[in-house]
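Hi everyone, thanks for coming.

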Amino acid sequence: MLAPAVPPAIAAPVVPNDPAVASSDDGKYFDAAGNPTYKIGKNGEVDWYTFSGYRRFNGSCEVCHGFDGSGSSFAPDLTDSLKSMSYDDFVKTVVDGKQAVNTAQALVMPAFGTNKNVMCYLDDIYVYLRARANGALGSGRPAANAPKPKTAADNENACMGP
Ligand code: HEC
């Protein structure tokens with residue numbers, strides 16, 4: 001049997017385990033495609049935004065998606081969803097919400113587009129879930145975290161408003 005022809009190169013999908021290749025001066029990390037990602041040091045210290053995402057997720061999303069994103073009878077396991085979901089689809093889902101059709105139960109993902117407690121921390125929540133989906137971070141409070149950069153505090157104040 002002949003070896004199959006080499007398939008044509010296709011653009012690499014954005015996968016959650018793309019490593020951090022760059023960081024900005026406000027302490028954020030990005031993958032090669034420019035999407036936000038996490039950074040975890042050898043001692044288990046997570047970057048500030050991953051830690052913030054842990055807290056924000058368990059404040060706003062955990063009630064349906066389960067502690068640390070591992071799912072419940074109401075809502076999917078996001079540590080699984082984020083294995084294949086792009087950053088853009090994640091943002092769109094959280095901003096606009098989503099409603100499963102053709103299911104016996106009505107499953108509703110609320111739209112958070114006007115909720116500052118979510119929108120001001122959307123990338124934080126994303127990088128946290130990305131670390132969870134990639135198995136880089138276990139369940140529970142991260143062992144240690146980088147200090148909060150001053151720019152993070154400034155951006156937070158600007159986003160949350162008076
Ligand atoms: C009131 C319950 C509820 C809350 C609160 C909630 N979700 Fe959801 N979410 C759902 C349900 C139900 C679905 C599945 C909807 C569907 O399949 O159409 C879902 C789906 C999702 C999906 C898509 C998963 C997939 O595999 O397609 C993402 C991403 C998501 N939620 C993120 C979040 C984030 C981030 C938060 C917190 C800011 C949050 N959700 C808060 C109920 C909730």
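Let me start with what I mean by a pocket: on a 1 Å grid over the protein atoms alone, a pocket is an open set of points with protein on both sides within 12 Å along at least five of seven lines, and its lining residues have an atom within 4 Å of a point. For volumes, grid points are joined across faces, edges and corners, and the volume is the space filled by probe spheres set on the points. Please keep in mind that this is a predicted model, where local features need pLDDT of at least 70, side-chain atom pairs count only at pLDDT 80 or more, and totals for chains, interfaces and linings use all residues. Residues are numbered from 1 along each chain as its sequence is written, and side-chain values use heavy atoms, with hydrogens and water left out.

Let's take the second largest pocket, at about 240 Å³. Its lining has 17 residues, and Y49, C120, Y121, D124 and A152 lie nearest its centre. Which helix gives the most to this lining? That is α1, with 5 residues. Helices here are DSSP runs (H or I, at least four residues), strands are runs of E (at least two), and both are numbered from the N terminus. By class, this lining holds 8 nonpolar, 2 polar and 7 charged residues. Ala, Val, Leu, Ile, Met, Phe, Trp, Tyr, Cys and Pro count as nonpolar, Asp, Glu, Lys and Arg as charged, and the others, Gly among them, as polar.

Now for the largest pocket, with a volume of about 590 Å³. It is lined by 31 residues, and H65, A75, P76, L78 and M109 are nearest its centre. This lining divides into 23 nonpolar, 7 polar and 1 charged.

Where does the ligand sit? You'll find it in the largest pocket, meaning that more than half of its atoms lie within 2 Å of the pocket's grid points. Around the ligand there are 24 residues, with C61, C64, H65, S81 and M109 coming nearest; to count, a residue needs a heavy atom within 4 Å.

Finally, the polar contacts, which are pairs of N or O atoms within 3.5 Å. H65 has a polar side-chain atom 2.8 Å from a nitrogen atom of the ligand. The side chain of S81 has an N or O atom 2.6 Å from a ligand oxygen atom, and for the side chain of K98 that distance to a ligand oxygen atom is 2.8 Å.

Terms used: A polar contact is a pair of N or O atoms within 3.5 Å; within protein, one must be able to donate a hydrogen and the other to accept it, and residues adjacent in sequence count only if both atoms are side-chain atoms. On a 1 Å grid over the protein atoms alone, a cavity is a set of points where a 1.4 Å probe fits but cannot get out, and a pocket is an open set with protein on both sides within 12 Å along at least five of seven lines; lining residues have an atom within 4 Å of a point.
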